[in-house]
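Colleague: Please show me the structure, and then let us go through it in questions and answers.

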Amino acid sequence: MTTTERTTCLVAGGGPAGMVLGLLLARAGVEVTVLEKHADFLRDFRGDTVHPTTLDLLDELGLGEAFARLPQSHVQQVGLPTAEGVVRFGDFTQLKGPHNYIAMVPQWDLLDLLADAAKQESTFTLRMETEAVDLVREHGRVVGVKYRTAAGETGEIRADLTVASDGRHSALRKAANLRVLDFPTPMDVWWFRLPREESDPRGVVGAMSSSRAVILLDRNDYWQTATLIRKGSDARQRRQPVSAMVASIAEVVPFLADRVDAVKSWDEVKLLDVRVDRVSRWYQDGLLLIGDAAHAMSPVGGVGINLAVQDAVATARLLAKPLLDGTVTTRDLTKVQRRRMLPTLATQGAQRFLHKRVLRPALAGKIEIARATKLPLPVRVMKRFPWFRRIPAYVVGRGIRPEHAPAFARR
């Protein structure tokens, strides 16, 4: 049996962008419904980095104290193991403001915090185990979505505006048949956990050798570990023992040598299909795409979540009044893309440059920082002139055109 419901704004996807947008619009008094296909937010190896701009936003929303009570670790330094010792490559302590660090928080805790705050607003509805599977159109205009629940029930929700924040594999983006600019990437990523000892370095640790490019994210009692593999090589590489892969990491990060047996099977190693793409136009009449649905980011810099949240803030600020007045048009949606296009282009441009100049050569065994007798120029500069460490910290931590909570959403 198919049922039909109605709301003012329908948000597909309960990730950081969708939950922030839902909260902000509800605080403006807009009737908003968020659909999340899973029963909860508990998914491992989702992006767990909360950047200074997002921490500032939580303060503006009156959620800073509640967020500070969540289990978390703070990343203030980015280090590269070299033959001359660990070189600090980024220093977040040099950022101005109260949040001179990146908070590492399980994403499900952040989403639960946002959901609890949004549920206090009378115009907010969160539908779990409900997936938006297609668009509903009338006279060429998007007027809502078709949904399917985990129990197999189907229905339609009509809305003045549908926002797709359902990730890089967005069903609504596919249904809209929007033109996608897809940029080749040289790698995929394996994610897994390794135990962390008190004697280990703190913060973020990266290393490159002829066999591995690795990044370790400090999660207090364990390292959230990522290692790059050549694009499309996952199935072939899993034919080797998983301990051999961990041992190859320990060769370039020696303090892990006593933990090569910590990963018991390949089931503990998750694959991230790395994509960098964007739609040329983020909207159709009645439909807007934000976050990864509009522009999938590489994990380089961990900035994807931050950009998605910034998209949501800009969307709420620009569209709350038209939604309340019932006058939202394609012209209003155009303003969102114009506002957020520069950060998107700049970030993807930087990521594509690093893919080409650093990661592709590293995967080909042409860059080896861990044992290099002569360090790359940027690393030498960071080592000799500590002031320059604030530049990558600012780019990653604050980025271009940070957004702030509109007055109607502040508490």
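Modeller: The buried residues of helix H2 are Pro-52, Thr-53, Thr-54, Leu-55, Asp-56, Leu-57, Leu-58 and Glu-60. Buried means under 20% relative accessible area, exposed over 50% and partly exposed in between, with a 1.4 Å probe and protein chains only. This is a predicted model: local features need pLDDT of at least 70, side-chain atom pairs count only at pLDDT 80 or more, and totals for chains, interfaces and linings use all residues. Residues are numbered from 1 along each chain as its sequence is written, and side-chain values use heavy atoms, with hydrogens and water left out.

Colleague: How many of the residues of H2 are buried?

Modeller: Helices (H or I, at least four residues) and strands (E, at least two) are DSSP runs, numbered from the N terminus. H2 spans residues 52-60 and is mostly covered. The buried count is 8 of its 9 residues.

Colleague: Which residue of S8 stands opposite Val-34?

Modeller: Strand S2 (residues 32-36) has 5 of its 5 residues buried, so it is largely enclosed by the rest of the structure. S2 runs parallel to strand S8 (residues 124-128), joined by 5 bridges; two strands pair if DSSP finds at least two bridges between them. Opposite Val-34 stands Leu-126.

Colleague: In what order do the 3 strands of the open sheet come?

Modeller: The edge strands are S3 (49-50) and S4 (73-75), each pairing on one side only. S3 is joined to S7 (residues 102-104) by 2 bridges, and Thr-49 in that pairing stands opposite Met-104. The pairing is antiparallel, and the order is S3-S7-S4.

Colleague: How far apart in sequence are the parts tied together by Trp-223 and Phe-255?

Modeller: The two rings are 6.0 Å centre to centre with 40 degrees between the planes, a tilted pair; rings of Phe, Tyr and Trp (its six-membered ring) pair if their centres lie within 6.5 Å, with planes under 30 degrees apart stacked, over 60 edge-to-face and the rest tilted. Trp-223 is buried at 0% relative accessible area, whereas Phe-255 is partly exposed at 23%. Trp-223 lies in strand S16 and Phe-255 in the loop between H7 and S17, so the parts tied together are 32 residues apart.

Colleague: Is Phe-385 buried, partly exposed or exposed?

Modeller: Phe-385 is found in the loop between helix H10 (377-384) and helix H11 (390-397). Its relative accessibility is 40%, so Phe-385 counts as partly exposed.
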